Every structure is written in structure tokens, then in C-alpha cells.
Amino acid sequence: MGIEALARLADERVDHRFKGLPPDADGLTVAELAAQRRNLFTGGFTTPVLALSAERLEHNLALMETYATRHGLAFAPHGKTSMAPQLFHRQMERGAWGITLAVPHQVRVARAFGVRRIFVANEILDPAALRWISAELDADPGFRFICYVDSVRGVELMDAALRGAARPLDVVVELGAGEGARTGVRTEAECAEVADAVAGTRTLRLVGVAGYEGEVPEADSERVHAWLRRLVALAADFDKAGRFRGLDEIVVSAGGSAWFDAVADVFAEIPALSSPVLKLLRSGAYVSHDDGHYRQVTPFNRVPEEGALEPAFRLWAQVVSRPSAEQAFANAGKRDAAYDLDLPFAQVVRRDGAERPATGVSVTGLSDQHTWLRTTDEADLEAGDWVGMGLSHPCTSFDKWQLIPLAEADGTVVDYIRTFF
């Protein structure tokens, strides 16, 4: 099912739905357009257009595969970052255990494209969604699904929705990252109460513990390590109490994109339990990385000897107005660029086929369809120039584009990445 569904993506017709693509490509299939290997800058693409670097994407995929293997971690990268089944499959080809997701719609997308192992880093309480997941489990013995539970009430609602299911739904108790953090059970005593509630059902099966260290209040290395040790201790206490009796493996999971080095450190300390431990890392932003927030917080800054991720996105916009010597406007805006963490970063300017650094050009704001540019005396910027911008926050970059050109360093577009948000 998955390979066939991916193949059908290549048969989709290019039309007005996909911004930035060449107007004269209307009616071609994605495969036909990709086979033409058009150049991003001379092949009829219109601005704004977001491009993903083929070389940097491959580098990032390979680096995280190596990192997870080196540290004995199973890897379920968070798919909500890209919601791109083509990238899901490339991640799994690179050794990923499965894909992490956040909400039922994302699970439906992953299943439509053949993902066999899914970890939902959230509690699912919607009855219709739970019944659909249960039906998927019943229909496919090879489908592995795990999600959070974080309250007795949640367990009761899940149990009510799943009555009559042939297979129990696997759950992990989510340990909250602290008072005032996001979701999750706040104390170990409450975790035990939730685990007891799961044990009292026939529809749910407790398979481990999990959480998200990125929500630790005032996170620093010491606080994050301390919380991760609480998570590991919770798993050991549950195991000692017999809560994992009969399991083939015990799941212990954490890991966003800012502290996976701490996860590797602490998960290396997990003691022997009654069954083998699946040490499941869930970092997702690495796939494209970025030029802002994640460039600053990536753990590879702390362990440079282990490698470095490379920002793979560049948004191209055209200067459409130059009203003064200090100001210019390009034709990309909030509809096109992530802006929730940082504004885009002006990096390069293209004119007449030549590319140069965007010296003296900075982004000061975004309107719906305009980039506000401040220019200094050093700036050589004219109406008609293309400005290449780096972005901050992959999750809110992917979600603004349905079909993203995958371009090599010389601008040759070799494929198109389809997203489903």
C-alpha cells in the first residue's frame, strides 16, 4: 500500500494548487515535471518559491541515522514537522523504527502511505478516531501503534470508545515535564494511578513511559538530565511493580530536537529491566534543520565532534518595490514563510544569473504577502532581484507549501516533496 501510494504522488497533475511551480507545467504529472530537471532560477518557476536542498536533506538524514545507531537508540522522527510521506519513507530507509505523530489526521496520512509503526506523542480521546485506529489494528496484524495516556479520566474515555476491539491499544504513561509545563502526569504517585487504571481495562495495554524534555521549565542541561532520570526511574519502578509483565519489550521514549544529546546520555544509563528496552528518540526538526531557532539550540553545538546538521530550506522572493534607499519589499509574506520564532534571514541576492551575499539587507517584518526589507548603503538591491532567505522553525515552514521543489546546489530540481497538512 505504501509504495503504491507514493507512486501515485508522482502521477498527480501539476496545476494552480501548487504555488511557485512553472505555469507552463500545468497538466504535466509531477513525475513528468521532475524528469525535465528544470532549473529553479531559469526553468519558469515563479516567486515566491520554497526550495529544499537535495544535498543537505541527504546529509541530515544520514547524520541522524548515524547518531541514533552510535548511541543505541531506536528512532521515530516526529512526522508532524514535514507531513511529507516521501520523507517518512526516506527516514525509514535510513533505519527509523517508525514515525511519531501528534493527532489522528496525521496518523491517517501515515497509514495511507504504508507506515507500519506509529508513536503518537499525545493522548487521543476522540471516540471516532480511536475506533478508526482500532479498526486499523484489527485489520493489520503487523501494525504497531503506541500513544500517551496522562489521566485516569482519559483512560476511562479511551476504554469506553474501544469496547469490543479485538486488539488492545498500546499506551505509555506520559510523565509531565514539571509544574506549568504542557501535558503529562505531574507526580509519580499520579503516574501509578493512571497505570492502575490502564491495568483495569481490557482495551488498553501499558507498554512503557514517555515524555518530552523540551517542556522542562527553564530548561538547562542540569534540569533536563534530572527530568530524564525521573523518567527512567519511573520505568524501573513500574517494572519492579510488575506492570510490564508479559511484554516482549518495554518502551522508554523522549527526545525533541534541542536536547537529544541529554536523552542519549541518560538512556545509556537505563538499567536492565524484565524485558529489553526500546529506547525511542523522537526528534523531527533535523530533517530540514533551519537558519534560526534550531541552528542555535541543536545539540550538535554541544557535541561538534559528532557532526553538524545543515539548514536545507531557502525561500526565494522577488523584489517588487524599492521606494527608498533604506527600504525594499519582496513578494513573500506570512503565507509563505515561518515567522512564529524568528523572521526570515536575507542571505543571498540573484541578478542576471549571478548570486552574491545579501550584504546590507535585513528582514524587518512580514505582511500577508510582502517581506519588509531594510537596506543600508552597502546594499545593492533593485526591483526584479531575487532574494534567497533562510527560515526559522521547520514545522511552520513545511506547512505553507503543498509541493516543494527538491533542488540540487546548481538549481536543478530533481523531485517535488508533497505535504499533507
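Analyst: Of the 421 residues of the protein, 56% count as buried. The model is predicted, so local features need pLDDT of at least 70 and side-chain atom pairs pLDDT 80 or more, while totals for chains, interfaces and linings use all residues. Residues are numbered from 1 along each chain as its sequence is written, and side-chain values use heavy atoms, with hydrogens and water left out.

User: Why is Val49 called buried?

Analyst: Buried means under 20% relative accessible area, exposed over 50%, and partly exposed in between, with a 1.4 Å probe and protein chains only. Val49 has a relative accessible area of 1%, so Val49 is buried.

User: Which residues is Val49 in contact with, leaving aside its neighbours within four places in sequence?

Analyst: Contact means heavy atoms within 4.5 Å. Among the partners of Val49 are Gly20, Leu40, Trp316 and Trp401.

User: Where is the place of Val49 in the secondary structure?

Analyst: Val49 lies in strand S1, which covers residues 49–53. Strands (E, at least two residues) and helices (H or I, at least four) are DSSP runs, numbered from the N terminus. The protein has 12 helices and 18 strands.

User: What makes the protein as compact as a globular protein of its length?

Analyst: The radius of gyration is taken over C-alpha atoms, and the globule rule is 2.2 Å times the number of residues to the power 0.38. For 421 residues the rule gives 22 Å; the protein has 23 Å, which is close, so the protein is as compact as a globular protein of that length.
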